[in-house]
Amino acid sequence: MILFKLLYTFFYIGLFTIGGGHAMIPLMQDAMLKNGWASEEEIVNFIAISESTPGPFAINMATFVGVKNAGVLGGIVATLGVILPSMIIISIIAKLANKFINSKIVQSAMKGIRPIVIGLIASITISVSKTYLIVDFNINMLCILLLC
């Protein structure tokens, strides 16, 4: 029963949370407290550990909660629960994309998006370069002034 509850809960969280792992924290916290899977202190520890370990935050959290409450199998089930919605949605989109990718409307939209993407990348590059160059220039000037 605990395995089904872990799968259902984390599937629900993965399905209805938009914005990545950090957006899942309130739902995960609510689910863990409501089901008695972790105390407030343990949740804070899970968040800290999930942040410091490699890999996606949501997967780390789900794995830790699953392992704590149902062992290794619980970790696997909770992890599957949190990633299955994304896998299903991406598979559906990929299937639909294959049908529409050769459409003249889609091709025109893609051609229209290219210059916008190039502009966005150029804008970010210029913005970051300015910040870096100004900071670097100021540090170099400070070093020169200190040496004089």
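Which exposed residues does the face of α2 turned away from its buried side carry? That face carries P26 and K34, where exposed means over 50% relative accessible area, buried under 20%, and partly exposed in between (1.4 Å probe, protein chains only).

This is a predicted model, in which local features need pLDDT of at least 70 and side-chain atom pairs count only at pLDDT 80 or more, while totals for chains, interfaces and linings use all residues. Residues are numbered from 1 along each chain as its sequence is written, and side-chain values use heavy atoms, with hydrogens and water left out.

Helices here are DSSP runs (H or I, at least four residues), numbered from the N terminus. In α2, the buried residues are I25, M28, A31 and M32. Seen down the axis of α2, these residues fall within an arc of 135 degrees, so they line one face of the helix; the arc is that of the directions from the helix axis to the C-beta atoms. Just after α2, G36 has a positive phi of about 70 degrees.

The structure also holds two salt bridges, each being a side-chain nitrogen of Lys or Arg within 4 Å of a carboxyl oxygen of Asp or Glu.

| Salt bridge | N to O distance |
|---|---|
| K34 and D30 | 3.5 Å |
| E42 and K68 | 3.7 Å |

E42 lies in helix α3 (residues 40–52) and K68 in helix α4 (residues 57–100), so this pair ties together parts that are 26 residues apart in sequence. K34 and D30, by contrast, both lie in helix α2 (residues 25–35), four residues apart, about one turn of the helix. K34 is exposed at 65% relative accessibility, whereas D30 is partly exposed at 42%.

Conventions
Helices (H or I, at least four residues) and strands (E, at least two) are DSSP runs, numbered from the N terminus.
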